[in-house]
Amino acid sequence: MTAPHTYITTTIPYVNARPHIGFALEVVQADVLARFGRLRGDLVRFQAGTDDNSLKNVLAAQAAGEDVRDFVDRNAEAFLALGPALSLTVDDVIRTSRDARHRPGVERFWRAAGAAGDLYRKRYEGLYCTGCEQFYSPAELRAGRCPEHDTEPVPVAEENWFFRLSRYGGALREAITDGALRIEPAGRRNEVLALIDAGLEDFSVSRPAERAGGWGIPVPGDPGQVIYVWFDALCNYVTALGYGTGGDAYQQWWSGEGRRIHLLGKGVLRFHAVYWPAMLLSSRQPLPTDIFVHDYLTAGGRKISKSSGSGADPVALAAQYGADAVRWWLLREVPRVGDADFTVERLIARADGELANGIGNLVNRVVAMSHRYRDGLAPGPAATAVPAPAAEPVPVPAGGEDLAAACGLVGGRVGAALAEFDFRRATAAVWAIADEANRFINRVRPWELAGAERGDGGQSLDAVLAALFEACSVLGRELEPFLPDAAARITRQCTPRDGRLPRAVPVFRRLSR
Ligand SMILES: [Zn+2]
């Protein structure tokens, strides 16, 4: 029997500028799901990439007076730098302009849609937002302006290839309502159903090569046109698996029983939950199983754009405050539904309050007490030099019931929360252990128990230390998907060497001065 397969993707961002904290949210969420899946024994592939073929990249490069390829390469590098900066376990990265897997896959996709009778040429006039790379109908605009960019779309008249989206409304609706294609949160699912019910119109899937500055993938058999960047970009989820170039990754990750999870922001919902599944149906491929849509971050109360400055640069933030602090803020403060406002002050307050003062202080106190009162032996049911085997439950000392419950229930709580893509609830379940453990220490005052010990007793202090040490060990294990670096430090601190625990060193540094 093979382990369940889980394929997790993030959107591939335009590389018209450096990444911002809003994109960091998406990759950190994906990383948590990937790490959690692997710990559970699933086979996981975490796929990321960059969208190099956008007209936006061309315009941004021209505005900067730079060669498009150099410009795109440099910004793509900045996105790739998120991986090490935020301790991401990305398995594979695809860059749509230079990856040899991509173009053949897009061409195969195009031909499959053509063979299904879903592509045709039509003269078209409409209002186009270059920021979105899409046409808008007047009804979709807000006071004549793009709802995403608040800019006035420009009238464009040209002959393009169209995709017969109108054919797929019924099939899409069915996939969503019968649960084959799960869209979370429910509000987004309803939004997609409303779009479908309003009637789907065929959409343009090519641009004149001239208007695209020669950038992009030529339409097979019609070199005067390039494939619309969204059609091109969406294909990355399968071209990265060898759709078009062969190999067995596609079979393994896209056509099997496993889960295919897309993470994305609310601004690109229509592309992922309507266009993309319809394209897959047309080319006779399986649909994604899950689409999780996050809302947006603001920075200091203002909408984040890629040009809003270094205060929201996740690589710079991680360099200054550490990957743990950045990840913790994103996971602990951003709600499943609704926007969240990022400030450096909030990041510091959250990290110092819960990481340095909460979890770090707990681990430090427990290890220090083990040295002070028990000569550095790992506290356990028998207070031995080796940790208690997992099968042997740690007895619950009087007053430690809430702590024992937080430790015992954490696995189930995290699993249930992540199944609903609720990262805040998942981290709250882990944080509850440190919170309960610190309360327990303040309540039972182990130092008083130690003072009361005479040669014979001490049973009570042993039980208290064992419960606390167990809590630290559980924290080291359960934090791994969320704060992998800190989890490793905690586990190291709780693992005896030569029979004794290492001397207590701070697990987190304090960020505020
Ligand atoms: Zn726009």
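Predicted model: local features only at pLDDT ≥ 70, side-chain atom pairs only at ≥ 80, totals over all residues.

Reader: Which residues coordinate the zinc ion?
Author: The zinc ion is held by C129 (SG), C132 (SG), C146 (SG) and H149 (ND1), at 2.1 to 2.3 Å. Along the chain, these donors follow the spacing C-x2-C-x13-C-x2-H.

Reader: Why is the arrangement around the zinc ion called tetrahedral?
Author: The four donor atoms subtend angles of 98 to 117° there, and the arrangement is therefore tetrahedral. Ideal angles for four tetrahedral donors are 109.5 degrees.

Reader: Turning to pockets, what volume does the second largest pocket have?
Author: Its volume is about 500 Å³. The second largest pocket has 22 lining residues, and E140, E201, D202, R270 and Y275 lie nearest its centre. Elements that give two or more residues to this lining are strand 4 (119–129), strand 5 (134–136), strand 8 (203–204) and helix 11 (269–282).

Reader: How many of the lining residues are charged?
Author: Six are charged, alongside twelve nonpolar and four polar residues.

Reader: A change of topic: in what order do the three strands of the open sheet lie?
Author: The order is 9-11-10, with antiparallel pairing. Strand 9 (206–208) and strand 10 (218–219) are the edge strands. Strand 9 pairs with strand 11 (residues 222–227) over three bridges, and P208 stands opposite Q225 in strand 11.

Terms used
Residues numbered from 1 in each chain as written. Heavy atoms only, no water. 1 Å grid on protein atoms, 1.4 Å probe; cavity = no way out; pocket = protein on both sides within 12 Å on 5 of 7 lines; lining within 4 Å. Points joined across faces, edges and corners; volume = space filled by probe spheres on them. Helix = DSSP H or I, 4+ residues; strand = E, 2+ residues; numbered from the N terminus. Nonpolar A, V, L, I, M, F, W, Y, C, P; charged D, E, K, R; others polar. Pairing = 2+ DSSP bridges. Donors = N, O, S within 2.8 Å, 3.2 Å for Na, K, Ca; no water. Tetrahedral: all angles 85-135°; square planar, octahedral: opposite > 155°, others 65-115°.
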